[in-house]
2 protein chains.
Amino acid sequence: MTGSDIHMTGLLEANAEFYRAFRTGDLEAMVALWVADDDILCTHPGHATLHGRNEVLESWFDILSSPPPVRVRDAQGLIVGVTAIVTCEEEIGDAVVAATNVFRMQDGEWRMMHHHGSQIFTSREDEDEPEEEAPLH
Amino acid sequence: MTGSDIHMTGLLEANAEFYRAFRTGDLEAMVALWVADDDILCTHPGHATLHGRNEVLESWFDILSSPPPVRVRDAQGLIVGVTAIVTCEEEIGDAVVAATNVFRMQDGEWRMMHHHGSQIFTSREDEDEPEEEAPLH
């Protein structure tokens with residue numbers, strides 16, 4: 001494997017580990033996954049963006065006290081220098097969430113810097129159909 | 001100003017320019033704002049993530065044919081090497097969208113690599129109230 005292959009493998013493993021910690025309520029692993037400073041962000045579906053360690057980790061403490069049965073699919077990574085974006089979809093019951101996970105290389109490991117999730121209300125099959133309601137954008 | 005101040009100023013200007021192009025339907029400016037290769041992504045509110053130049057720019061051609069009166073507030077930047085995240089809120093009529101805009105330095109300018117928007121359904125005042133419906137996460 002080339003260096004970039006190794007980084008991509010590590011990136012997708014870090015993304016998978018995020019969802020393992022999420023699904024199993026593994027608080028210690030979840031905390032360890034995030035960048036170890038205050039420059040972290042999180043936008044949960046339907047919510048305003050949380051800024052900084054206190055707000056972001058507190059939200060995960062709440063979520064992991066009753067973790068949902070989240071499954072992840074279609075993870076795709078994009079590496080630019082010491083940062084990377086993974087996009088994927090989360091299946092939570094009947095709902096599907098489009099997720100953006102931004103990682104940063106820190107101490108030789110990919111750590112999460114920002115998680116943004118938003119529920120998908122329009123199925124792919126609907127994309128070519130006229131929408132009943134005008135989309136926001 | 002220090003070098004990082006200059007970069008932050010340029011970053012927030014690029015973010016403001018994105019919303020100017022968005023609001024005024026300036027297609028040429030919008031295309032020029034994005035990274036000039038195929039590694040671009042976009043997640044519109046309620047939709048699945050779009051990958052690559054064709055999908056992403058086509059979605060903006062549609063949107064800018066009838067641009068919404070979008071106003072931006074609370075833009076905050078975070079620079080890590082040659083990439084950066086700007087989070088902000090978009091006001092579109094009565095709706096508010098939480099936006100994540102990921103930029104990449106290319107040819108000496110901050111260009112957009114990923115835009116992820118999701119409508120905020122829970123107001124800040126509601127955050128301490130018990131929710132009627134369980135949140136997705």
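Hi everyone. Let me begin with a term: strands here are DSSP runs of E, at least two residues long, and are numbered from the N terminus. Two strands count as paired if DSSP finds at least two bridges between them.

What you see above is a predicted model, where local features need pLDDT of at least 70, side-chain atom pairs count only at pLDDT 80 or more, and totals for chains, interfaces and linings use all residues. Residues are numbered from 1 along each chain as its sequence is written, chains are lettered from A in the order in which they are written, and side-chain values use heavy atoms, leaving out hydrogens and water.

Let's start with the sheet in chain B. Six strands form an open sheet in the order 2-1-6-5-4-3, with mixed pairing. Strand 2 (50-51) and strand 3 of chain B sit at the edges with a single partner strand each, so one side of each has no neighbour in the sheet.

Now look at strand 3 (residues 70-80) and strand 4 (residues 83-92) of chain B, which pair antiparallel over nine bridges. In that pairing, Val72(B) is opposite Glu90(B). The hairpin has two residues between the strands, and Gly81(B) takes a positive phi near 65°. On to strand 5 (residues 95-106) of chain B: 10 bridges join it to strand 4 of chain B, again antiparallel. Here Thr83(B) faces Arg104(B).

How do the two chains relate? A rotation of 180° with 0.0 Å of shift along its axis superposes chain A on chain B, with an RMSD of 0.0 Å, fitted by least squares on C-alpha atoms of residues with pLDDT of at least 70 in both. That is the relation of a two-fold axis. In chain A, the C-alpha nearest the axis belongs to Ser118(A), 2.7 Å away from it.

The contact (heavy atoms within 4.5 Å) takes 47 residues from chain A and 47 residues from chain B. The chains bury about 3700 Å² between them, 67% of it on carbon and sulfur atoms; that is accessible area, with a 1.4 Å probe, lost on putting the two parts together and summed over both. In chain A, His47(A), Leu136(A) and His137(A) lose the most area to chain B, together 23% of what that side buries. And 100% of the interface residues of chain A are also interface residues in chain B, so the copies meet through the same surface.

How values were computed
Helices (H or I, at least four residues) and strands (E, at least two) are DSSP runs, numbered from the N terminus.
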